[in-house]
Amino acid sequence: MLAKRIIPCLDIKDGKVVKGVNFVGLKDVGDPIEIAKRYDEQCADEVVFLDITATYENRDIIKDLIQRGASELSIPLTVGGGIRTIDDFRMILSSGADKVSVNSAAIKNPQLIKDASDEFGVQCVVVAIDAKQREDKSGYDVYIAGGRINTGLDLIEWVKQCEELGAGEILLTSMDKDGTRDGFDIDMLNAVIDVVDIPVIASGGCGGKEDIVEAFEKTNCDAALAASLFHYGEATIDEVKELCKEHHIPVRRNN
């Protein structure tokens with residue numbers, strides 16, 4: 001079995017890491033590179049920078065951060081937020097990022113997935129998906145615009161299409177679980193993992209290190225992403241990996 005990955009996610013606004021609830025009451029909590037370096041030291045497998053303002057005016061800021069991250073971090077860096085074109089992919093990857101995460105633009109223009117994977121390789125293309133269970137429990141719908149717009153796309157059909165187009169992995173966020181801190185959406189994860197052969201990253205709902213262990217024990221997800229758990233110091237990545245090790249879950253150790 002391949003080692004499972006633990007991935008912290010940093011929300012970035014105007015070049016700083018911010019914390020808040022649904023982007024409300026955002027507080028500046030520090031420099032992204034310094035925070036990412038701390039996670040690097042804790043044996044994180046990767047780190048995600050999510051540009052939550054994601055306007056073209058801020059592209060110079062995120063470009064500078066990527067270049068700094070590429071020179072100062074030893075772990076892979078994924079960048080997402082506001083990716084619209086193949087030129088956005090090119091700028092982010094040429095600045096030193098290892099992967100690009102795309103969400104709404106892929107739904108509006110699925111060809112972007114194929115074009116990016118053809119030009120840069122499937123390993124660079126992460127498709128982020130926000131999904132929510134239908135009220136009649138018949139399946140899951142895909143949402144965009146921070147969860148405000150239901151696209152009408154069926155989650156299962158969309159992930160299969162993403163794989164066919166050349167996505168390297170899926171970053172799956174459960175809107176039903178996001179912010180609840182009562183664990184990942186095991187049912188949704190299994191529904192997606194059952195129909196694709198590419199890696200799936202669990203996101204949304206992590207409230208403790210036990211939730212990460214549960215996701216790995218109850219699904220075949222390849223990685224778990226969390227933010228508040230690590231940002232608020234409730235657990236270190238080392239502690240999560242130690243608990244995984246106790247449960248015989250393979251993880252990478254750097255120390």
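Mentor: Strand 1 (residues 5-13) and strand 12 (residues 223-226) run parallel and are joined by four bridges. Strands here are DSSP runs of E with at least two residues, helices are runs of H or I with at least four, and both are numbered from the N terminus. Two strands count as paired if DSSP finds at least two bridges between them. Pro-8 has Ala-226 as its bridge partner in strand 12.

This is a predicted model, in which local features need pLDDT of at least 70 and side-chain atom pairs count only at pLDDT 80 or more, while totals for chains, interfaces and linings use all residues. Residues are numbered from 1 along each chain as its sequence is written, and side-chain values use heavy atoms, with hydrogens and water left out.

Strand 12 also pairs with strand 11 (residues 200-203), again in the parallel sense, over two bridges. There, Ala-224 stands opposite Ala-202.

Buried means under 20% relative accessible area, exposed over 50%, and partly exposed in between, with a 1.4 Å probe and protein chains only.

Next, the cores. A nonpolar core is a set of buried Ala, Val, Leu, Ile, Met, Phe, Trp, Tyr and Cys residues joined through side-chain atoms within 4.5 Å. The largest has 76 residues, and Phe-49, Ile-129, Leu-155 and Ile-212 touch the most other members. Helix 6 (residues 155-165) gives the most to this core, six residues.

Helix 7 (residues 186-193) has Ile-186, Met-188, Leu-189, Val-192 and Ile-193 as its buried residues. Seen down the helix axis, they fall within an arc of 165°, so they line one face of helix 7; the arc is that of the directions from the axis to the C-beta atoms. These residues pack against several elements, including strand 11 and helix 8, where contact means heavy atoms within 4.5 Å. Strand 8 (140-144) is another of the elements packed against helix 7.

In strand 8, five of its five residues are buried. Tyr-140, Val-142 and Ile-144 point one way, and Asp-141 and Tyr-143 point the other. Strand 8 pairs with strand 7 in the antiparallel sense over four bridges, with Lys-132 opposite Asp-141. Three bridges join strand 8 to strand 9 (residues 149-154), also antiparallel, and Asp-141 has Asp-154 as its partner there.

Last, the cysteines. The whole structure has zero disulfides, a disulfide being a pair of cysteine sulfur atoms within 2.5 Å. For Cys-124, the nearest cysteine sulfur, in Cys-162, is 16 Å away. The sulfur of Cys-244 is 9.8 Å from its closest counterpart, in Cys-221, which is too far for a bond. Cys-124 is buried at 9% relative accessible area, and Cys-244 is buried at 0%.
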